[in-house]
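Let's get to know this chain through a few quick questions. Have a look at it first.

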Amino acid sequence: MTVLLAALLLAQADAGAAQRVKITVRAIAATNDPAAPAGMDEKLAPIAPHLQSFGEQFRFRSYRLLQEQTFDLDWKAPAQMELPGSRSLEITPRQLEPDGKIKVHLELLGEHPAHSRKLHTDYAIQRGGTILVGGLRVDPQDPKAGTLLIAVTQAMEK
């Protein structure tokens with residue numbers, strides 16, 4: 001009886017784990033400013049191939065990690081992260097696709113206090129993959145601060 005109960009509890013734990021998704025969000029300053037040190041911040045090593053591929057199109061010379069936060073979320077449960085420039089990002093995992101991709105909803109809110117919506121869209125991320133979204137200035141008042149890139153990585157299940 002104890003073995004059966006343990007097996008049921010383990011099955012419930014596995015089912016609960018399947019209902020959650022781990023997502024890491026990184027805020028990155030990308031710049032072509034010659035005064036900035038060239039290359040990539042070593043803290044960005046986990047997503048270096050994605051940044052290098054991205055850099056082939058956009059040709060930034062420097063990438064620096066500003067913030068990083070990992071969320072362990074239930075499906076359809078939003079998480080929020082503060083970003084530089086009095087902005088914030090809300091991320092909501094929507095669903096797991098049959099091909100293993102997850103659909104996430106991103107909402108980027110602009111500078112406080114107005115908090116105008118700057119981005120409001122859905123993305124699909126490969127299991128273990130990363131998407132990069134960007135285009136705003138890191139600091140709206142300082143053009144030399146660089147471009148804000150947001151990297152969203154869906155962690156591989158173990």
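Q: In which strand does Ser88 lie?
A: This is a predicted model: local features need pLDDT of at least 70, side-chain atom pairs count only at pLDDT 80 or more, and totals for chains, interfaces and linings use all residues. Residues are numbered from 1 along each chain as its sequence is written, and side-chain values use heavy atoms, with hydrogens and water left out. Strands (E, at least two residues) and helices (H or I, at least four) are DSSP runs numbered from the N terminus. The run of residues 87–96 takes in Ser88, and that run is strand S5.

Q: Is Ser88 buried or exposed?
A: The scale is relative accessible area: buried is under 20%, exposed is over 50%, and partly exposed is in between (1.4 Å probe, protein chains only). Ser88 comes out at 2%, so the label is buried.

Q: With which side chain does the side chain of Ser88 make a polar contact?
A: Start with the residues that Ser88 touches (contact means heavy atoms within 4.5 Å). Setting aside residues up to four places away in sequence, they are Gln80, Met81, Glu82, Leu83, Glu107, Leu108 and Leu109. A polar contact takes a pair of N or O atoms within 3.5 Å; within protein, one must be able to donate a hydrogen and the other to accept it, and residues adjacent in sequence count only if both atoms are side-chain atoms. For Ser88, the side-chain partner at 3.3 Å is Gln80.

Q: What does the side chain of Gln154 reach at 3.0 Å?
A: Gln154 belongs to strand S9, which covers residues 142–154. Apart from neighbours within four places in sequence, its contacts are Val21, Lys22, Ile102, Ile125, Gln126, Arg127, Gly128 and Gly129. What the Gln154 side chain reaches at 3.0 Å is the backbone nitrogen of Gly128.

Q: Why is Gln154 called buried?
A: Gln154 sits in strand S9. It gets the label buried because of its relative accessible area, which is 1%.

Q: How many helices and strands does the chain have?
A: Walk along from the N terminus and the elements run α-β-β-α-β-β-β-β-β-β-β. The tally is 2 helices and 9 strands.

Q: What share of contacts between residues at least 6 apart in sequence joins residues at least 24 apart?
A: The chain has 158 residues, and 38% of them are buried. Take the contacts between residues at least 6 apart in sequence: the share that joins residues at least 24 apart is 51%.

Q: How far is Glu111 from Arg87 in space, C-alpha to C-alpha?
A: Glu111 sits in the loop between strand S6 (102–109) and S7, and at 36% relative accessible area it is partly exposed. Its contacts, leaving out neighbours within four places in sequence, are Gly85, Ser86, Arg87, Pro140 and Gln141. Glu111 and Arg87 are 24 residues apart in sequence, while in space the C-alpha to C-alpha distance is 4.9 Å.

Q: How far apart in space are Ala124 and Arg94, C-alpha to C-alpha?
A: Ala124 lies in strand S7, residues 117–125, and is partly exposed at 38% relative accessibility. Beyond four places in sequence, its contacts are Lys101, Ile102, Lys103 and Ile131. Between Ala124 and Arg94 there are 30 places in sequence, and in space the C-alpha atoms are apart by 9.7 Å.

Q: What is the phi of Lys76 near?
A: Most residues other than glycine have a negative phi. Lys76, in the loop between S3 and strand S4 (79–83), is exposed at 61% relative accessibility. Its phi is positive, near 70 degrees.

Q: Where is Ser86, whose phi is near 55 degrees?
A: Ser86 is a residue other than glycine with a positive phi. At 44% relative accessibility, it counts as partly exposed. Its place is in the loop between S4 and S5.

Q: What type of pair do the rings of Phe60 and Tyr63 form?
A: Rings of Phe, Tyr and Trp (its six-membered ring) pair if their centres lie within 6.5 Å, with planes under 30 degrees apart counted as stacked, over 60 as edge-to-face and the rest as tilted. That rule gives a count of 1 aromatic pair. The centres of the Phe60 and Tyr63 rings are 6.2 Å apart and their planes are at 80 degrees, so the pair is edge-to-face.
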